Structures are given as structure tokens and as C-alpha cells.
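Try each task yourself before you read its solution.

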Amino acid sequence: MIRYFLIYFLLAMAINAPCSVVADSAEVELPSGFEDNKRCFQCHGQKFYSFENENSGRTERKAMNPNFVYNSQDFYKGVHRNFACTDCHSPDYTTFPHPSELRLEAMYTCLDCHGGDPTYAKFRFEVLDEEFHKSVHSTRHSEDFNCWMCHDPHSYKRMTSGEFKISEIVSYHNATCMECHANSYNFQRISDDIKPELKEIHDFLPNFELHFSAVRCIECHTSKLDTMWVNHNILPKEQAVRNCVECHSTNTILMASLYKYQNLEARKERGFLNSVILNEAYVIGANRNEYLNIISFIIFGLTFVGILVHIILRLMK
Amino acid sequence: MAERLYLYPIWLRIWHGINGILIVILIITGLSLQYSSNEYIRIRFDLAVSLHNISGILLSFNYVFFVIGNFVTGNIRFYILEWKGLADRIFKQSLYYISGMFKGESTPFPVNKDRKFNPLQKVSYIISMYVFVPLVIISGLALLFPEFIIHRVLGFSGIQLTALLHSATGFLISVFLIIHIYICTTGKPVSKNFKSMWTGWHE
């Protein structure tokens, strides 16, 4: 987090301060593509951009296509922060106006870079790709539905690294789903159907808002694959979890998904959930404090023994 | 023959009956939720949630009825503690329950029109009805509307702490209920106190 803060600080300085100040204070290592990307973000980092029109000789101000606006701060927080824009996009983009044929530029997929690379073996991109191709996102949509539909490479953060709180993970991952499932415009990019209201189709959930803020959509909507950090096989809605005790029990499925990130060690050592979710969330039926359980059994036991002794003494009278 | 007293007016008996039924439902569904499992058959989770929520709301209204009824009818006087000598009176009553009643001694604080409860009953009823029940209602309502719960309290989840308070208080109420029912069997005959709560007459 400190590193991100320093990057924010430097970016803020870069935007607001004279260049000499930036140079003086730039002791912290900047993302390697930072300088190269400055020029791109000058236009693509904001809603409006200005340029010199050589034909008219005037400086013109235009609205940027919102699909091509990227937040530079989000980019430098993301996993691809060290990239230069032209590492993935054509170097021809450095000319302006951009050549029109670049609109048809082929995009890389995750596997183009991450597939077969031992550096990324632990993320199991190949399995992830297989799982994705089993999912309804793949089987019910054309090949246009690719990784980037959900994971914007310009801002993607790896939330399962263990440095984020569960609430942050839930919020970030659910925002990914909501991008289309709570937004009619985005939903209709790939579907002619009317987007169903999330609250209506989840009306069986008591306290809809609490569920949506405490657990991720994928806990119920993906197949369980304990070897993966995030399951990508989004199931047909008929196969989604609807049985409450799947989560609301001591062997909650959340142990194999949401709580896995912070829980692997504690799970081995303690075997119960308190150590992990005490500070993060409360799931009825899942959070059982062993000590309180023992105390309550003792109190109940003493009550019954006391009554039993009293009954015997009454009968003996 | 002992004096016949009309101690339990109809409004109180109706409240008591509804309260008893709701408390039992709440304890059973609460335990089912707390110990929910895929391996053992308990009340279906969503059904238990609905039953628990509905019973909790009804209990809350019933409690308001009880409090208002107490003030309007003057029944509240039976819940007013006289602090002076309280410890001695509680000790005396406890001694009766653990020893005196087995020796055939008569109760040290017999029921009369001004004393419906013995000191031990009075203290336990005050604690359960004016401490535990309000606590369980407030924490239950908070869990029903968790958006009003403070998100973090001293580094802990506010919902977690509220749920802990709710289940712990519910547990204490269930202990009270067990003892309450048992003590009611100490009448002579065993059914005497239950009959009183049915007819309203203490005999």
C-alpha cells in the first residue's frame, strides 16, 4: 500500500508541479513505462483532449470517446503498471491523428503473455482458460466475450494476493460483475435480452444488500475448484447455489473460496473459522466460537444437573 | 383455606401465552440457525430465518404491549425492587429452594395481593424482562436492519458483536425459561402454578 501511496504522490506531483520539482523528488522508482505513457494519458487519461489542428492552425478541444478513457492512477495501481502502452498496442499509436487501420488492431489475450510461462505457473492460466470456456460467458456468447470483458487490463488488480481485506475483495470482484449485470447499457453489448433486476432475481435471499456486500457473486455462481484462486466457470443460473447451508454452516463453501486467501494457514492450525472471519464478516451458522460453545454447554449442563438433583430431592422428601 | 387471589388478569395471561410460544419458536429456530449444517437435518435454513424474523417482530410488539399494560394496570408495582434487605431476602428464598422445601417448611415469602413474586422470582423476572428481552429485541432488530449497525467497533465487525450479543442473550433467556418452567412445577400439586396462569386465580 505504501508503494501505491508513493506512486499516487508522484503522479499528483507530475500533474500539478513543474517538471523540475518532479525530477528533484523522484527518488522512488517509477513504473518503467511511466515516461512513455505520459503522452498517451495526456489525451486518454481524461474526458476531453486538445490538439493542434495543422489544417486550421487552431488548438481544438474534443471529447474523448468514453470507451478509450483510462484512469492513469488506476493503471499504475494495476498489475500491468510497468508496461508502456505500446508494449500491447501498436507503436503506430505514437503518431497523431492515429492511423485509422489501427482500429482493427488485434488484441492480446491473457494466454498470449501468461500462457506457458513458468513465472505465472502458480496462477494456472491454462486451467483458468479451460474453466472459462466451460462457463456460460463463453458457451452462450460469441468469441467476442474474452478476458477483457470482465478484466480491464488497464486497471486490473490481483485482489487474492493476501494484502487486501475480505471486504475489499468482495467489493472489487462484485464490481466486476456489476459492470454488466447492474448496467443495462453494458449488458446489451452482448445480449439483446432485457437485463433482469438483480434484486428481483435474488428475492429468495434474506437481506439482499447485506449478501451482496459480504460475499461475492462467484461464491454461488461458479463451480468449486479448490485448486484455483478464482473459479472462472460461471454456471448456468439453474446450477447456482441456492441452498443456504452451503454457506451457513461450519463447513461453509466460503472456506474454499472467499476466505481461502487469508485462511490457509489458520485453517491448518485451528480448524475453525473464528481466527479468520472474526474481524471481517459474520455468517450465521459459520461463525461459531468454540469457547463460547463450551461455556454454553457447561451452563446448560449445570442447569439440567441442578434441576435433576432438585427433582430427586423432592421425590425423596 | 388459603386466600384465593386474582393475580393474573386476562391481558397478562394472553401476553404470557403469546410470549411463551414466541420465545420457544425463537429458541428452536435460533439454535437451528446457529448450528445449521448440511449433515444433520434441522429446520430448513430459509424457513428458520423467516420464522425467526416473524416471531422476533411479533415478540417485540408483544413486549411493548406488556410494558404499556404494566404501567396502565399498575402491574408494574410487582416489579419494583426494595433494595433494603434484598440480599437477605434472596438468601432466605434460596435457602428455602435448596433446603427448606425438602424439610416441609413453608415458603418464607407467601403470595398475597401485594406480593405476587418472591424476591428471587422478582429479581430474575426484572433481569429477564427489563434487561435480557430488551437487549435481545434491540440486537435482533439491528441484525434485521444491519445497515444501521456500526461497521467496526474496536477493530471488530459490528455485525459480529451484535450477533454475539444477540445469541448470548438468547442463550441466557433460554436458561431462564428452563428454570422458570421447572420452578413452576414446585407448586402443590405440580400443576397448581400452571393452572393459575390459565385461570388467572392463585389458590
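**Exercise 1.** At what angle do the axes of helix 1 and helix 5 of chain B cross, and which residues make the contact?

*Solution.* Start with the axes, lines fitted to C-alpha atoms over the stretch in contact, with angles from 0 to 180 degrees between N-to-C directions. In this predicted model, helix 1 (residues 10-34) and helix 5 (residues 158-184) of chain B come within 11 Å and cross at roughly 125°. The two helices are therefore oblique to each other, a class left over once angles under 35 degrees (roughly parallel), over 145 (roughly antiparallel) and 65 to 115 (roughly perpendicular) are taken out. Next, list the contact (heavy atoms within 4.5 Å): helix 1 of chain B brings His16(B), Ile23(B), Val24(B) and Ile27(B), while helix 5 of chain B brings Ile173(B), Ser174(B), Leu177(B) and His180(B).

**Exercise 2.** How do helix 4 and helix 5 of chain B cross?

*Solution.* The axes of helix 4 (residues 119-144) and helix 5 of chain B come within 9 Å, at roughly 145°. Among the contact residues are Ser128(B) and Phe132(B) of helix 4 and Thr169(B) and Ile173(B) of helix 5.

**Exercise 3.** How many residues of chain A and chain B are in contact, and how much area do the chains bury?

*Solution.* Count first: 34 residues of chain A contact 35 of chain B. Then take the area: about 3000 Å² is buried between the chains, 63% of it on carbon and sulfur atoms. Buried area is the accessible area (1.4 Å probe) lost on being put together, summed over both parts.

**Notes.** Residues are numbered from 1 along each chain as its sequence is written, and chains are lettered from A in the order written. Local features need pLDDT of at least 70, whereas totals for chains and interfaces use all residues.

How values were computed:
This is a predicted model: local features need pLDDT of at least 70, side-chain atom pairs count only at pLDDT 80 or more; totals for chains, interfaces and linings use all residues. Side-chain values use heavy atoms; hydrogens and water are left out. Helices (H or I, at least four residues) and strands (E, at least two) are DSSP runs, numbered from the N terminus. Buried area is the accessible area (1.4 Å probe) that two parts lose on being put together, summed over both.
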